[in-house]
Every structure is written in structure tokens, then in C-alpha cells.
Amino acid sequence: MHAAIYGRVFSNLLAFRKALPRRTEIILGALGFVLFLSVWHIFAASGTIRPEFLPKPISVAQAFVRLFTERDFATDIVISVGRVWFAFFLSVIVAIPLGLIMSTYRSVGAVLEPFIDFIRYLPVPALVPLLVIWFGVGEASKIAVLWTGTFFQLILLVADDTKRVPVEYIESGHTLGATNGQIMRHIIIPAALPSMVDNLRITLGWCWTYLIVAEIVAANSGIGHVIWSLRRFVKTPEVMAGIVAIGIIGLLTDQAFRYAHARLFSYLRR
């Protein structure tokens, strides 16, 4: 009997494209972290890899605490979060209107899309010297690095979201006498908004990936500065603790976006 119960449980867990209860997803996610930490500990404790290259998880946890008690790491986190969100909001307020225009007025898209494609394939680290020349070594260059890594990706995602709105919706609006502005406000934006919010979540993650690049240029604060300064002294546990801090912030932000998406667009799951 127990075998039959366990069999049903595993069959439900491995069912093709079958939704899982939220509680089950949380448990499985926690088990994934436990498995990762266990494998990490086994390799680090085995002695096959030197501690300077792979410290134990407990050493990283202790270093994490030291960063807060000895280096005022909380201030660096606040500074980095502020930089990322400021650059991200700058990207959003420019990319969303321009992406909407590019997709609804195809002539504008034909002019801008090749240039945007060209820029978004350029590696952001290669642009850092140029951005420093243009904006100096202060906050402006750091924001510019984060903005560049986010904006050119986001604008095309917004344009694609808008293009996927069924043309029948727009034709129905015209049939009912709606103006172009009304169709944009009441048909196109509401129809594209769920995908748009999901892409905002994705591009915010990309913005965080450029933080280290942005904060190694004449910086004296921020998570990236802390990581970059500690690696010179081969303080691997502290370096990994700084990376873990970024991961924790990203995980919490991502979950907040997922929760907001589920609440705002609950009708998509009915």
C-alpha cells in the first residue's frame, strides 16, 4: 500500500507539464538548495580542493556575518540596490514607451531595431572605458553601465510583447470607433502587460549581473567594490559571501515579482 502511495506521489511530481501546489514547489526548491550545499560541503571537506579555492559553506556563512559586523556591509548593499533600481527604472521609463511605438508604428521599428540589435550584442564590459570617458568615474558612469546592459534588451522585449497582441483585438477596437490612442491605452497595453511584467523581472536580473562590472571602476562602495577589493587578498570566503548576498537579493526580488504577477494577473490562471 505504501509503495502504491509513493508511486502516485512520484508520478504526480514527474507528470509532464502538470502544475504543482505552491507548497510542494517551495519544499522542492528548499531541497534543491540542501542538495547543492551538501555536494559543496562534500567536495570542500574532502581536501581535494584547497580552501583558498573552495571554502566550506560554514566558512562562507561565517564570512557573511563578518562582512556585516566588521565592514558595514549593509551600507554597501543599500548603495548597490539603489544603483541597480535607479538604472532599472531609467531603462523602464524609456524602453516601454519607445518599445510600444516601435511595434505599433512599424516604420519607427524599421529605423531603430537594427541599431538596437547592434548595440545589444556588444559586450557591456567592452563599453566601460568609453562610458568612463563620457561620464567620468562618479555615479553617472556606474548607472550608465547598468542602464546599457538593461535598456537595449528590454526595449526589444517590450516591442515583441506588443507585436504579439492579436490583430483581431485592434480591428475590433477600430470597428467600435476607438482612436489609436484609445486602442493603445485600453487594448494593446492591457493585453501585453502580463508578458511585459514578466520581462521586467527577467531584465532586472540582467541588470544585477552587470553590478560587479559597474562597481570596479573607481568605486569605494557597493557590493561589487567589496568583492573586488577582497579578492586581492585572496579572501575567498568573503568573496563568495558577497556573491551569495547578490543571489539572496535577486531571489527575494524575483519572488516578489512572481507574487505581484500572480496577484495582478490572477485571471490568467483560471
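Helices here are DSSP runs of H or I with at least four residues, numbered from the N terminus. The model is predicted, so local features need pLDDT of at least 70 and side-chain atom pairs 80 or more, while totals for chains, interfaces and linings use all residues. Residues are numbered from 1 along each chain as its sequence is written, and side-chain values use heavy atoms, leaving out hydrogens and water.

Tyr 121 sits in the loop between helix H5 (106–120) and helix H6 (124–135). With a relative accessible area of 63%, Tyr 121 is exposed (over 50%, with a 1.4 Å probe and protein chains only).

Now to the helix pair. Phe 73, Asp 76, Ile 77 and Ser 80 in H4 meet Ile 223, Gly 224 and Val 226 in H11, where contact means heavy atoms within 4.5 Å.

On to the pockets. A pocket is an open set of points on a 1 Å grid over the protein atoms alone, where a 1.4 Å probe fits, with protein on both sides within 12 Å along at least five of seven lines; lining residues have an atom within 4 Å of a point. Volume is the space filled by probe spheres set on the points, which are joined across faces, edges and corners.

| Pocket | Volume |
|---|---|
| Largest pocket | about 420 Å³ |
| Second largest pocket | about 290 Å³ |

Arg 22, Glu 25, Gln 255, Arg 258 and Tyr 259 lie nearest the centre of the largest pocket, among its 14 lining residues. H12 gives the most to that lining, with 6 residues. For the second largest pocket, H9 gives the most, with 5 residues.

Definitions and conventions:
Helices (H or I, at least four residues) and strands (E, at least two) are DSSP runs, numbered from the N terminus. Buried means under 20% relative accessible area, exposed over 50%, partly exposed in between (1.4 Å probe, protein chains only).
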